[in-house]
Amino acid sequence: MSLVLMKLSKYKTLIILFFLYILFWIIIISVLKILFQPAIPIALTRLIPLDDVLLELGIIFIISLPLSSLIGLIVGGYLIAPIILYLHKKIYGSKMHYGIQMEQRSEKIKLFSKSLFPTLMAINLASILFTPTIVQFILTADVTNIFENVSKIPMLTRFFVEVILLTLTFGLATMLFSSVWFLHDSGIIYSNKQKIENSTESIVLRSIGDWYQIILRSYAGIGAIITYILVVYDFITRYIENLGAPGNIFNIPSLVLWLGMPLYLTISLIPTIIINDVLKRRRISYIKRFSNKLGIKDSAVISFEFKKRTDL
């Protein structure tokens, strides 16, 4: 019992934050119902068997997105991580020596540093999929007609589409980054030190997880910046075009709601981050068992030696 209480105390702040996230969306949905609730109930998307646009939105944020990231964690960690390790060993194995660092102590969970880049990648992928064909496929005609054609709130329509697409891309982004978490926590590193002892090449020493993370972060960061610039530009252009139109003023809070996505999605990852931490020992054992099959068995001890330069 005391062990369970200790575990819960570790996640206390995150659990409270997630409950506040749920409360936030309940309030937002309630406000939107007052402002935009149509006389006749309409469906948001054909993908959810309901006829309440705002209720569907709440379900996506409170249930679908956390569930999508959780599925991404399991698939990415237990399927993609071993594949990445295998490919790295296959491609660089002849030039590198691999080892396993001693298991590190459990660290404090850093929500934003761990969740930010998966969130940015998910938003970027959703924006790439944002095309007229996709919009027509996933949104019902009534939603497009009421919020965009009649009320002239294209920013709210875009927000709806992006949120629906995120149920797919959020899981995909989490799948890719969860493999980073699995590999990083396993402590597997590689170095060319033993291969270049008698050469002038620079020494390489890096974690497999860090190597893969740099690749993903580079794409996620640059892609998200470009996405936000294009969206804001499109918003300004369409807002000016619709000046004086009924409902156009609501494009401003709709844009704020859209720009706040990185924060919402980061917090929606909390259940996945907690489960990822709970499974830490099992994850490490799983990756180490696989690495043993690849011949990665040596313990790695990292040390640095500094000497005064004699060529000055």
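Biologist: Is Lys33 buried, partly exposed or exposed, and at what relative accessibility?
Modeller: In this predicted model, buried means under 20% relative accessible area and exposed over 50%, with partly exposed in between. Lys33 counts as partly exposed, at a relative accessibility of 30%.

Biologist: Which residue meets the side chain of Lys33 in a salt bridge?
Modeller: The N to O distance of the pair is 3.1 Å, and a salt bridge requires such atoms to be within 4 Å. The partner of Lys33 is Asp52.

Biologist: How many residues apart in sequence are the parts that Asp52 and Lys33 tie together?
Modeller: Lys33 belongs to helix H2 (12-36), while Asp52 sits in the loop between helix H2 and helix H3 (53-92). The pair therefore ties together parts whose separation in sequence is 19 residues.

Biologist: Which helices are linked by the salt bridge of Asp277 with Lys10?
Modeller: The closest N and O atoms of Asp277 and Lys10 are 2.8 Å apart. The two residues are 267 residues apart, so the pair links distant parts of the chain. Those parts are helix H11 (residues 270-278), holding Asp277, and, holding Lys10, helix H1 (residues 2-10).

Biologist: Is Asp277 buried or exposed, and at what relative accessible area?
Modeller: Its partner Lys10 counts as partly exposed at 35% relative accessibility. The cut-off for buried is under 20%. Asp277 is buried, at 13%.

Biologist: What is the relative accessible area of Arg283?
Modeller: Arg283, in helix H12 (residues 280-293), pairs with Asp185 in helix H7 (residues 154-186), the closest N and O atoms of this salt bridge being 2.8 Å apart. Arg283 is buried, with a relative accessible area of 1%.

Terms used
Residues numbered from 1 in each chain as written. Predicted model: local features only at pLDDT ≥ 70, side-chain atom pairs only at ≥ 80, totals over all residues. Heavy atoms only, no water. Helix = DSSP H or I, 4+ residues; strand = E, 2+ residues; numbered from the N terminus. Buried < 20%, exposed > 50% of the residue type's maximum accessible area, 1.4 Å probe, protein only.
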